[in-house]
Amino acid sequence: WDLGVGVWFEGSWIRKSKNIGPLTNQELLSVGTDYTFNIGEGLKVVYEQMLASSDEKAFTFSNNALFSALSFNYPVGIVDNISAIIYFDWINKVTYNFVNWNHQFTRFSLYVMAYLNPENYNLPQQGSSGNMYSKQVLQFMLVYNH
């Protein structure tokens, strides 16, 4: 909905056909808002609150993860963009930080990314690369655009 600010909510429930213990039922609920401020080329700010839960029984909400996310995106001219995202884990009281600058060339895109995260990575994910973004990382990536 566009109510002056953008507002949304999402929810999902996954029930595995086979009992796999505490991951048999998984629930995800989130609510968020976004707004683009009239600063320069437009500073986009997004806030989202998420509850992820799993258990052998549905909707018990006993194994919870509760996160807040705040992201910023600012185009610096036509070929440069700066973005950042901050997650706060309310259960473990830790913050995850990511900042990205990217520059577009004619056939290439350059990305400079920095992470400042706790060693134990607890963000919900869909894969096994959980420690890929742990600790402090500075990453450069050059992408060829065909």
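Predicted model: local features only at pLDDT ≥ 70, side-chain atom pairs only at ≥ 80, totals over all residues.

**Exercise 1.** Identify the bridge partner of His103 in β7.

*Solution.* The bridge partner of His103 in β7 is Leu110. Strand β6 covers residues 94–104 and strand β7 covers residues 108–116. The two strands pair in the antiparallel sense, over eight bridges. In general, the strands of a sheet pair through backbone hydrogen bonds, in either a parallel or an antiparallel manner.

**Exercise 2.** Describe the sheet and explain why β1 and β8 stand at its edges.

*Solution.* Begin with the order of the strands: eight of them form an open sheet, β1-β2-β3-β4-β5-β6-β7-β8, with antiparallel pairing. Next, count partners: β1 and β8 (136–144) each have a single partner strand, so one side of each lacks a neighbour in the sheet.

**Exercise 3.** Classify the ring pair of Trp13 and Phe59 as stacked, tilted or edge-to-face.

*Solution.* The structure holds six aromatic pairs. For the rings of Trp13 and Phe59, the centres are 5.0 Å apart and the planes stand at 50°. Planes under 30 degrees apart count as stacked and those over 60 as edge-to-face, with the rest as tilted. The pair of Trp13 and Phe59 is therefore tilted. As a further step, locate the partners: Trp13 lies in strand β1 and Phe59 in the loop between β3 (43–55) and β4 (63–76), 46 residues apart, so that the pair links distant parts of the chain. Together with Phe61, Trp13 and Phe59 form one aromatic cluster.

**Exercise 4.** Decide whether Phe9 is buried or exposed, and name the surface patch to which Phe9 belongs.

*Solution.* Phe9 is found in strand β1, residues 6–15. Its relative accessible area is 59%. The cut-off for an exposed residue is over 50%, so Phe9 is exposed. Phe9 forms a nonpolar surface patch with Trp1, Leu3 and Val31, and these residues have about 520 Å² of accessible area together.

Conventions:
Residues numbered from 1 in each chain as written. Heavy atoms only, no water. Patch = residues over 30% accessible without salt bridge, like charges linked within 9 Å, V, L, I, M, F, W, Y side chains within 5 Å. Areas by Shrake-Rupley, 256 points an atom, 1.4 Å probe, with all protein chains shown as cover. Salt bridge = Lys/Arg side-chain N within 4 Å of Asp/Glu carboxyl O. Helix = DSSP H or I, 4+ residues; strand = E, 2+ residues; numbered from the N terminus. Buried < 20%, exposed > 50% of the residue type's maximum accessible area, 1.4 Å probe, protein only. Phe/Tyr/Trp six-rings, centres within 6.5 Å; stacked < 30°, edge-to-face > 60°. Pairing = 2+ DSSP bridges.
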